[in-house]
Every structure is written in C-alpha cells, then in structure tokens.
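We will go from stop to stop, with something to select at each one.

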Amino acid sequence: MDTRFLESLVAVVEQGSIAEAARRLNLTPAAITQRIQALERELGTALLMRSGRTVRPTEAGARMVERGRGLLMEVRDLKAHAVDTGMAGELRLGAVATALNGMLPDILAALARSYPRMTVHMVPGTSDFLLSQVQSGTLDAAILVEPDYGLAKTCGWRVLREEPLVVLAPRAMAGDDAHALLREAPYIRYDRNTYGGRIADRYLRAHEIQPTVRFELTSLSAIALLVDRGLGVALVPDWPPPWPEGLSLKKLPIADPSCVRRLGLLWYKASARLRLVNALLEQAAHTG
C-alpha cells in the first residue's frame, strides 16, 4: 500500500472535501480521487461516500483513517530518524490566523536561512483545533493562544507574544473614554468561543459593562473592518500586523494592562522531530 494514498484518504476525511484535501496536499482534485479509487480497488471496499458537497468516510473508511493516522506518524518518524545526523526533515506546524499572517513569516524566513534542508508543513486552524492536534501527536507544534485551562503534561509551552486588550473605535467617533464607548456604542464582540474572546468577556463582566451587541464574529480583521465602517466598537487583543489596509481607527487602552492574550508555541514532547521544534524555538526567540 502506498502511504501517499493513505495520506490522501486521511486528508479528505479531516477536511471533509476532496477539493480542500487537494489544496492541503498541493495536488489536483483528480489526483486525490485517483488515489482514493486505487485504495478502494486494493482493499475491495468503498472508503468514502458523498453527502451533498461534503465527503464522509464509510465504516471501513473510518477504520482505515483511525489506524492510518498512527501509521503515517510512524512513517514520518522513520524518515526523521533516517536523517537525524543533521537539521533536516519535515516539521508539522500549526498556526492561528494572526500568527500565520503576522509573526510566522519572519520566523520561517530565518529558519529557511539557517536550516535549508528542513521543511515545514503548515496547518492553519483555531487554537482549540490545533491544541487537540498537538496533544494527539498529529502536529509536532503549533502557535496558538494560551488556553484558559491547564495544558497536558505531554506538551511543552513557551509564550512568544503578549497582546494587551484595546478598544477599537472609528477615528471620527467622539470620546476617548474606553469604558464609556463600550457602554454607549454598538458593540462588535470577539467570539466567546475563542480564547481571546473569553478574555474580553471576562474583562467586561469584571467591570460590570453590559454592551449592546450588534455582531459577534471570530475574525479579528473582519472586526477591524466593521469598526472602520462605523458599525460599532470592539474589545480585542492588539494583534501584530498586517492589519487590513486603509483603516481609520483609534486604539484605546483599558483599565487593566495585565489583561492580555498570550500567543505561544505548544509542542509535543515525545515528537521524533523535537530537534526541529527546538530550532523553531531558537529562531522565534531571535526574531521576536
């Protein structure tokens, strides 16, 4: 069995779409389909079934994916051990959107200069998703927001950046009292299902502020755009650039400067690519 075909099956099931799996693996949808069909012919059973625009595994497909993830990890570990004489191999790294667009490009550029034989497979996602992927060993490491509960002992953690909460308001909006704006203006809430959104929500409750919520969403860039359009104010972490271009905003500090969102690197301590994680940590410290 070709492990690349198994990798394609796992990607399709994880993404729920052949097109998304193709993008993740840098292949065409036709190539992914051919790989799945080859697996099905070899095994003599259907592995996937369509449901509208999504793809779901059959019972046999689900069993294959469950065992296949572990097999693919073992294959990657075997490759890593084969090249352990130098800083080479593939690091599977996850990152939240603000890190992927902000601090990570400089870190990866430094990493490429220092270790040209090292490759990085990037996996975007939410902090919750990336946390589960690292804890299961599917990812070697991830840059994510520090959760509001304890981390598993199987993982290491290092803070890379602290982002204080700020009130975003249209530059033309009268008044510079952060609390008054939060109480009086329409409020664009940072989704409370995110770690950063829960930090903002705790701050509002601690200061007995009950804003009039107009929107609630997860994208910080989208929140900034809505504020720029005069649709309200927001309480968000002061995330690193790039921000959307052409914004006319003002950032107002809040009463508690220690109320921050921490962005850091989480890694799986038992990873066979721990030396690659350490190289990433080294470059992150130099570029931070």
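Where is Ser17 found? Select Ser17 and you land in the loop between α1 and α2; helices here are DSSP runs of H or I with at least four residues, strands are E runs of at least two, and both are numbered from the N terminus. Before going further, note that this is a predicted model, in which local features need pLDDT of at least 70 and side-chain atom pairs count only at pLDDT 80 or more, while totals for chains, interfaces and linings use all residues. Residues are numbered from 1 along each chain as its sequence is written, and side-chain values use heavy atoms, with hydrogens and water left out.

**Stop 1: Ser17 and the start of α2**

Stay on Ser17 and show its side chain. Ser17 counts as buried, at 16% relative accessibility; buried means under 20% relative accessible area, exposed over 50% and partly exposed in between, using a 1.4 Å probe and protein chains only. Ser17 caps the N-terminal end of α2, with a side-chain oxygen 3.2 Å from the backbone nitrogen of Ala19.

**Stop 2: along α2**

Next, select residues 18-25, which make up helix α2. Its buried residues are Ile18, Ala21, Ala22 and Leu25. Turn the view to look down the helix axis: these buried residues fall within an arc of 100 degrees, so they line one face of α2. That arc is taken from the directions from the helix axis to the C-beta atoms. What covers them includes α1, α3 (29-43), β1 (48-51) and β2 (54-57).

**Stop 3: Ala60**

Move on to Ala60 in helix α4, residues 59-82. Ala60 is buried, with a relative accessible area of 16%. Leaving aside neighbours within four places in sequence, Ala60 is in contact (heavy atoms within 4.5 Å) with Thr45, Ala46 and Leu47. Draw a C-alpha to C-alpha distance from Ala60 to Thr45: they are 15 residues apart in sequence and 7.5 Å apart in space.

**Stop 4: the cavity**

Select Glu14, Gln15, Arg24, Arg92, Val123, Phe129, Gln133, Thr138 and Leu139, which line the largest cavity. Elements giving two or more residues to this lining are α1 (3-15) and α7 (127-135). A cavity is a set of points, on a 1 Å grid over the protein atoms alone, where a 1.4 Å probe fits but cannot get out, and lining residues have an atom within 4 Å of a point. The volume of the largest cavity is about 40 Å³.

**Stop 5: Thr194**

Jump to Thr194, in the loop between β7 (186-190) and α9 (195-206). Thr194 counts as buried at 18% relative accessibility. Show Gly197 too: its backbone nitrogen lies 2.9 Å from a polar atom of the Thr194 side chain.

**Last stop: zoom out**

Finally, view the whole protein chain, with its eleven helices and eleven strands. Its C-alpha trace spans about 70 × 45 × 35 Å along the principal axes. Of the 288 residues, 46% count as buried.

Note on methods
1 Å grid on protein atoms, 1.4 Å probe; cavity = no way out; pocket = protein on both sides within 12 Å on 5 of 7 lines; lining within 4 Å. Points joined across faces, edges and corners; volume = space filled by probe spheres on them. Polar contact = N/O pair within 3.5 Å; in protein donor to acceptor, adjacent residues only side chain to side chain.
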